[in-house]
Amino acid sequence: MPAGARGDCLIETGNLASGAPLGIPVVLVKGARAGPCLWINGQVHGDEINGLVAALDFVGGLVPSSMAGSVVLTTTANPYAFDARRKRTPHDDLDLDQCFPGHAQGLASERLAYAMTEAMAGCADLLVSFHTMGSAFDCRPFAVYKQSSAPGAPDEAGLLVLMAQFAPSCACWMPIELREGELPGHLAGAIDYWMLEAGKPAFMIELGAGGRVDAEHVKQGVRGLTGVARKLGIVRGAAEADSPPLRVTRYRHATCARGGLFRRAAEPDTMLAAGQAYGHITDLYGKVVETLSFEQPALLVGVRRDPVVHSGDRVAFAALQWDRVAG
Ligand SMILES: [Zn+2]
């Protein structure tokens, strides 16, 4: 691409049985002057919408003639799941964010992951990987990040400063090794972890909840991307004040033991005392059959919105241990 220009393309990944072409849509904005490349991935999970809308708004407002460096947006890394309005890839039922770096001759999700890593390798200097909580939940935007021990991998303090641009309710450190309270899966197969292993900063922003667009969360996403682009020197202007986010070193997805109707007793972003109820399960006769709380003080990050639950369904996502790192 020439300097000081904008464009778009499709990374071709094959076609449907009926012949319709499949691919990853890309928007590219190249500054007039040389500089780093900010790569934004709008979604890996097909039912998570706020992030890609925020990214499109941000990219649409860029002025290439005044930029130093480039911004690349892959609007969705999983067009199959996007079309199906589903988290996972319908063709192979895999979670794309557990498939990186992918395989050129693999299953549909592995091919998507491979196409993404081929495109990003040697080009992306920083990745913002947008997600949301599931559509059954409500939450304010928060950040999730991993850490790599690979030589030259970005340090935690630098990641926290970048995530702070999004004013997240907290920044949750996610270990690669599975621990109690985490969702099962191959966490090292995430696109952001692949970037960290390659020595480049990367993190996830959970921009609210899925299956819908929330105008305030979209605006928060645009402000965050603007701050990151300013930090990188791609666009002019001062980044947001770096008040460090609440660093969460332990969290859990909480599930209910009894099925029925989940009735919320606390809103997202509430600090709960030990033993304080954040919800109840009632049976279909109206009787309370379970009261939900945490044994220790907890920050209720996300809480269920869809009341219909079976035993083992997720009802909340909460921080259990945190601190604030000096900026
Ligand atoms: Zn996600």
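This is a predicted model: local features need pLDDT of at least 70, side-chain atom pairs count only at pLDDT 80 or more; totals for chains, interfaces and linings use all residues.
The domain assignment divides the protein chain into domain 1 (5-244) and domain 2 (249-324). The C-alpha centres of domain 1 and domain 2 are 28 Å apart. Contact between the domains involves 14 residues of domain 1 and 17 residues of domain 2. On the side of domain 1 that touches domain 2, strand 6 (137-139) and strand 8 (171-173) are the elements that give two or more residues. Strand 6 supplies the largest share of that side, three residues. By class, this side of domain 1 has ten nonpolar, two polar and two charged residues.

The largest nonpolar core holds 95 residues. Within this core, L38, V71, A143, M163 and A318 touch the most other members. Both domains take part: the core draws at least three residues from each of domain 1 and domain 2.

Helix 3 covers residues 108-120. The 13 residues of helix 3 should span 18 Å at 1.5 Å a residue, and the end C-alpha atoms are 19 Å apart, so the two values agree. The buried residues of helix 3 are A108, S109, E110, R111, L112, A113, A115, M116 and M120. An α-helix has 3.6 residues a turn, so residues three or four places apart point the same way. Within helix 3, L112, M116 and M120 are among the buried residues. After helix 3 comes G122, with a positive phi near 75 degrees.

An open sheet of four strands has the order 14-13-11-16. Its pairing is antiparallel. Strand 14 (288-292) and strand 16 (308-309) form the edges, each pairing on one side only. Strand 13 (residues 279-282) runs antiparallel to strand 14, and four bridges join the two. In one of these pairings, T282 has V288 of strand 14 as its bridge partner.

Most residues other than glycine have a negative phi, and most peptide bonds are trans. The bond between F100 and P101 is a cis peptide bond, with omega about 5 degrees. P101 lies in the loop between helix 2 and helix 3. R85 is also placed in the loop between helix 2 and helix 3. Although R85 is not a glycine, its phi is positive, about 55 degrees. R85 has 13 other C-beta atoms within 10 Å. A residue counts as exposed with 12 or fewer such neighbours and as buried with 20 or more, so R85 is partly exposed.

D269 is another residue that is not a glycine but has a positive phi, about 75 degrees. The loop between strand 11 (260-264) and strand 12 (270-272) contains D269. Because D269 has 16 C-beta neighbours inside 10 Å, this residue too counts as partly exposed.

Technical notes. Residues are numbered from 1 along each chain as its sequence is written. The expected span of a helix is 1.5 Å times one less than its number of residues. A nonpolar core is a set of buried Ala, Val, Leu, Ile, Met, Phe, Trp, Tyr and Cys residues joined through C-beta atoms within 7 Å. Domain bounds come from an automatic or database domain assignment. Two residues are in contact if their C-beta atoms, placed from the backbone, lie within 7 Å. Ala, Val, Leu, Ile, Met, Phe, Trp, Tyr, Cys and Pro count as nonpolar, Asp, Glu, Lys and Arg as charged, and the others, Gly among them, as polar. Two strands pair if DSSP finds at least two bridges between them.
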